[in-house]
Amino acid sequence: MTATTTAPLAATPAHMTKQPSARLRAWATRAPLLPALVFMIAVTQLPFVATLVISFFDWNALYPKARHFTGLDNYHQVLTDAALRHSVWTTVLLTVAVVLASLVLGLALALLLDRRFRGRGIVRTLLIAPFLVVPVAAALLWKHVLYNPEYGLLNGLLHYVGGPQPDWISNTPLLAVEASLVWQWTPFMMLILLAGLQSRDQQQIEAARVDGANDWQIFRHLTLPHLRRYLELGALLGSIYIVQNFDAVFTITSGGLGTANLPYTVYQSFYQAHDNGLASAAGVLVVIGSIIIATFALRVVSSLFREEVSRA
Amino acid sequence: MTAVLRRNGLGLVAWLAGIVFFLPIAWMALTSFHSEADAATNPPSFGASLTLDGYREFFGSGGGASPWPALINSTVASVVSTLCVLLLALPAAYALSIRPVKKWTDVLFFFLSTKMLPVVAGLLPIYLFAKNAGMLDNIWLLVILYTAMNLPIAVWMMQSFLAEVPVAIIEAARVDGARLPTILARVVAPIALPGIAATSLICFIFSWNELLFARVLTGVVAETAPVFLTGFITSQGLFLAKVCAASLVISLPVLAAGFAAQDKLVQGLSLGAVK
């Protein structure tokens with residue numbers, strides 16, 4: 001509406017209409033933004049407000065008539081529930097382990113791929129592939145094709161070296177989930193860090209080399225400081241996605257054996273236990289946790305952003 | 001001498017790493033062409049004869065549920081939501097990059113922050129709403145949600161791509177009397193087209209991959225490909241070849257799209273921060 005009525009005005013050269021059109025012009029500038037903004041608020045913010053409201057009610061979907069306001073009871077219950085506290089811990093452990101391991105591996109691979117060698121393009125393509133498998137499919141691949149104690153590839157290979165043939169998922173359930181996620185996310189970290197490596201100032205490196213710096217000194221004093229913001233970005237984006245991971249936990253262990261993270265627990269408490277109030281309170285707590293990460297995250301992104309603006 | 005050796009040596013290490021990372025996928029592909037009996041052996045059978053039985057089973061000629069409805073649902077949800085995202089994000093990104101509004105970085109950060117809101121935070125109200133509105137098991141609900149899921153990323157990516165369009169050209173078009181739709185279609189789109197293509201690709205991939213919403217909000221009719229795959233979670237060894245065939249077929253669109261746009265993919269995923 002606003003767009004159609006003000007667009008001709010906005011198109012009028014500024015010297016013809018000065019004062020009265022200023023406000024209209026401001027609206028014309030904002031108008032293209034509005035549909036997206038309104039849509040986002042309606043689809044993401046409103047449901048969250050609803051979650052917040054529901055979290056103050058004692059409300060089991062199986063007994064809808066017994067619904068009543070209970071204040072902070074749900075939060076109290078969530079915070080004192082041992083299983084739930086455990087899932088908080090699992091979420092932290094899963095996220096930190098996967099992000100760190102895939103960052104370190106990704107850095108090593110990026111350093112290898114930054115060099116010229118025969119078939120570099122092919123190796124790069126091979127390395128990216130794990131990130132491009134649909135997450136559920138990747139989780140199924142690890143669960144059935146690799147981890148299976150009887151005919152999985154891992155134990156099949158161990159057979160040739162005569163090693164033990166453990167039941168991976170039962171013995172080390174969380175590690176099994178983490179390994180599959182590290183496999184999926186290492187390529188992503190590698191791609192970000194490779195972009196970082198390739199944006200280094202080559203002249204600076206040449207100058208350092210002429211001055212007699214060796215490879216390690218160049219890496220330690222030039223490459224690593226330059227990569228810092230890329231490492232931060234990788235850690236940040238990895239955390240955002242892995243904190244929310246549902247697919248791998250759901251597929252590989254179905255949340256069993258102590259691997260239920262928060263998203264899985266919230267899913268379970270309303271999808272299976274039908275406890276709307278508890279699920280909402282847990283969901284709100286996930287959001288609070290995410291806000292803490294996001295505050296830090298936005299600072300990193302905004303510093304990247306400022307750099308970009310000042311460069312322009 | 002040592003320099004040559006070192007360069008080749010490290011190249012070899014890179015090759016080895018590439019093969020190790022790709023091995024599970026190669027093994028999955030090989031297994032998908034084995035008979036179920038050959039797939040479930042220990043030690044693994046490398047030389048077993050190849051067959052298309054796994055694929056025949058997956059596509060339903062073996063009596064199981066046909067994956068076609070799920071594949072079609074995924075295609076509809078991914079393609080239509082991507083188009084909706086473009087329709088909403090392009091004008092928004094235009095406003096943010098070419099004619100910056102006051103406090104425009106705040107608006108950008110608002111968009112980005114919605115991406116950090118965990119899906120579980122809104123899942124229950126959306127489920128209850130869908131149930132009361134009779135929209136459970138309806139693919140169009142997923143279209144709306146996937147549009148919202150990808151819109152923030154798309155706005156961020158596109159504003160960084162559109163920022164590369166010279167303002168002078170746009171001003172010239174404006175002086176010539178062109179209106180916003182014309183400017184977008186005739187001036188901005190051609191220059192920003194590669195970026196728009198990359199954005200679409202990423203939205204497509206995220207929608208195609210999504211599981212949690214689809215799992216909770218769909219059932220029989222609107223089931224998507226990842227939900228179809230969850231049917232294999234408890235599958236026993238008998239169906240290994242079928243599981244592999246299913247996983248590969250369903251991953252194929254993402255693999256193809258991802259290989260085609262490797263650089264744009266990472267730039268998009270890092271919200272345009274890495275150039």
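Biologist: Hi! Which helix of chain B do B:Glu171 and B:Arg174 both lie in?

Modeller: Both are in helix 8 (residues 167-175) of chain B, three residues apart, about one turn of the helix. Helices here are DSSP runs of H or I with at least four residues, and strands are E runs of at least two, numbered from the N terminus. A word on the source: this is a predicted model, where local features need pLDDT of at least 70 and side-chain atom pairs count only at pLDDT 80 or more, while totals for chains, interfaces and linings use all residues. Residues are numbered from 1 along each chain as its sequence is written, chains are lettered from A and ligands numbered from 1 in the order in which they are written, and side-chain values use heavy atoms, with hydrogens and water left out.

Biologist: Thanks! What do the side chains of B:Glu171 and B:Arg174 meet in?

Modeller: A salt bridge, at 3.7 Å from N to O. The term means a side-chain nitrogen of Lys or Arg within 4 Å of a carboxyl oxygen of Asp or Glu. In general, side chains of opposite charge can pair when their charged atoms come close.

Biologist: Is B:Arg174 buried or exposed?

Modeller: B:Arg174 counts as buried, at 11% relative accessibility, whereas B:Glu171 is partly exposed at 36%. Buried means under 20% relative accessible area, exposed over 50%, and partly exposed in between, using a 1.4 Å probe and protein chains only.

Biologist: How many salt bridges are there over all chains?

Modeller: The count comes to five. Among them is B:Asp53 with B:Arg56, whose closest N and O atoms are 2.9 Å apart. B:Asp53 and B:Arg56 also sit three residues apart, in helix 3 (residues 53-58) of chain B.

Biologist: And what does A:Arg209 pair with?

Modeller: With A:Asp215, at 3.1 Å from N to O. A:Arg209 is partly exposed at 41%, and A:Asp215 is partly exposed at 33%.

Biologist: New topic: where does B:Ser81 lie?

Modeller: In helix 4 (residues 68-97) of chain B. B:Ser81 counts as buried because its relative accessibility is 0%.

Biologist: Which residues is B:Ser81 in contact with, leaving aside neighbours within four places in sequence?

Modeller: They are B:Val76, B:Val143, B:Tyr146, B:Thr147 and B:Ser207. Contact means heavy atoms within 4.5 Å. B:Val143 is 62 residues from B:Ser81 along the chain, yet their C-alpha atoms are separated by 4.9 Å.

Biologist: Last one: how many helices and strands does chain A have?

Modeller: Chain A has 15 helices and two strands. Of its 312 residues, 50% count as buried.
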